[in-house]
Amino acid sequence: MTDNTVQKIGLKNENILKLEIVDEKGNSTGEYLEFDLEDIELPFKYQEIIERLKKSRQNLKNQFAIIEKKQDHKGNKLMSSNEEEKLKALNNFYKEQVEIYNIFLGENGVQKLLNGRKLRWTTLSEIDELIEKQIAPQLNVTMDDITKKIKSKYSNKKEDNVLE
């Protein structure tokens, strides 16, 4: 039988956490952060950013400790040489933090949240709070759901609790 009709197939697109980004007035920016809560790599990404953020913060503390041990002298402009070095280290730290967050938030996730604004001193702690209070709890619930689904799919009457 040679029928020229095209049949369509596709996978379900369920358990997508879609977070609408709003500006400081609560108006939609038209941007979203999306998380596939059944993505097997999502928990690993979350774990990775936590580890990398801690490491990055410790690295900044170490850089500051080294700078503070150096003899300070007048810099090129308003700041002393040590103050300039600390500010450069801080700028690099913020760039690195944005890259780390984007691993989890998705491409340009931080930029979407900033909505055209510049990175501020409080931005990183605000992002930490968003992840901790709005995203991570849903990730934990979903991991429990996925574990239950896997157990029910692959357990049979003879082999109960295979995944336990």
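Predicted model: local features only at pLDDT ≥ 70, side-chain atom pairs only at ≥ 80, totals over all residues.
Biologist: What is the phi of Asn108 near?

Modeller: Its phi is near 60°, a positive value in a residue other than glycine. Asn108 is partly exposed, with a relative accessible area of 40%. Asn115 also has a positive phi, of about 55°, although it is not a glycine. You will find Asn115 in the loop between α3 and α4, and at 38% relative accessibility it counts as partly exposed.

Biologist: Let us turn to strands. How do β1 and β2 pair?

Modeller: They pair in the antiparallel sense, over six bridges. Their hairpin has five residues between the strands, and there Gly26 takes a positive phi near 90°. To find your way across the pair, look at Lys18, which stands opposite Glu34 in β2.

Biologist: Which residues make up the covered face of β1, and which the uncovered one?

Modeller: Here is the general idea: in a regular strand the side chains alternate between the two faces of the sheet. In β1, Leu17, Leu19 and Ile21 form the covered face. Ile16, Lys18, Glu20 and Val22 form the uncovered one.

Biologist: Is Ile16 buried, partly exposed or exposed?

Modeller: Ile16 counts as partly exposed, at 30% relative accessibility. Leaving out residues up to four places away in sequence, Ile16 touches Glu34, Phe35 and Asp36. The C-alpha atoms of Ile16 and Phe35 are 5.6 Å apart, while in sequence these residues are 19 apart.

Biologist: Now the helices. What should the 28 residues of helix α1 span, and how far apart are its end C-alpha atoms?

Modeller: At 1.5 Å a residue, α1 (residues 42-69) should span 40 Å. Its end C-alpha atoms are 41 Å apart, which agrees.

Biologist: How many residues are in the largest nonpolar core, and which have the most contacts inside it?

Modeller: That core has 29 residues, and those with the most contacts inside it are Phe35, Tyr101, Phe104, Leu105 and Ile131. The elements giving two or more residues to this core are β1, β2, α1, α2, α3 and α4. With nine residues, α2 gives the most. Take Leu105 as an example: beyond residues up to four places away in sequence, Leu105 touches Leu33, Phe35, Val110, Leu113, Ile127, Ile131 and Ile135.

Biologist: How many aromatic pairs does a search of the whole structure find?

Modeller: The search finds four. In one of them, the rings of Tyr46 and Phe104 have centres 5.4 Å apart and planes at 45°, so the pair is tilted. Tyr46 belongs to helix α1 and Phe104 to helix α2, so this pair ties together parts that are 58 residues apart in sequence. Both Tyr46 and Phe104 are buried. Another pair is Tyr94 and Trp121: their ring centres are 5.9 Å apart and their planes lie at 80°, so the pair is edge-to-face. This one links distant parts of the chain, with Tyr94 in helix α2 and Trp121 in the loop between α3 and α4, 27 residues apart. Tyr94 counts as buried at 14% relative accessibility, whereas Trp121 is exposed, with a relative accessible area of 61%.

Biologist: Which residues do ring pairs link into a cluster?

Modeller: Phe35, Tyr46 and Phe104 are linked in this way.

Biologist: Last, the polar contacts. What joins the side chains of Ser80 and Asp72?

Modeller: A polar contact of 2.8 Å joins them. Ser80 is in the loop between α1 and α2, and is buried, with a relative accessible area of 12%.

Biologist: What does the side chain of Thr123 reach?

Modeller: It reaches the backbone nitrogen of Arg120, at 2.9 Å. Thr123 lies in helix α4 and is buried, with a relative accessible area of 5%.

Methods. Residues numbered from 1 in each chain as written. Heavy atoms only, no water. Helix = DSSP H or I, 4+ residues; strand = E, 2+ residues; numbered from the N terminus. Expected span 1.5 Å × (residues − 1). Core = buried A, V, L, I, M, F, W, Y, C linked by side-chain atoms within 4.5 Å. Buried < 20%, exposed > 50% of the residue type's maximum accessible area, 1.4 Å probe, protein only. Contact = heavy atoms within 4.5 Å. Pairing = 2+ DSSP bridges. Polar contact = N/O pair within 3.5 Å; in protein donor to acceptor, adjacent residues only side chain to side chain. Phe/Tyr/Trp six-rings, centres within 6.5 Å; stacked < 30°, edge-to-face > 60°.
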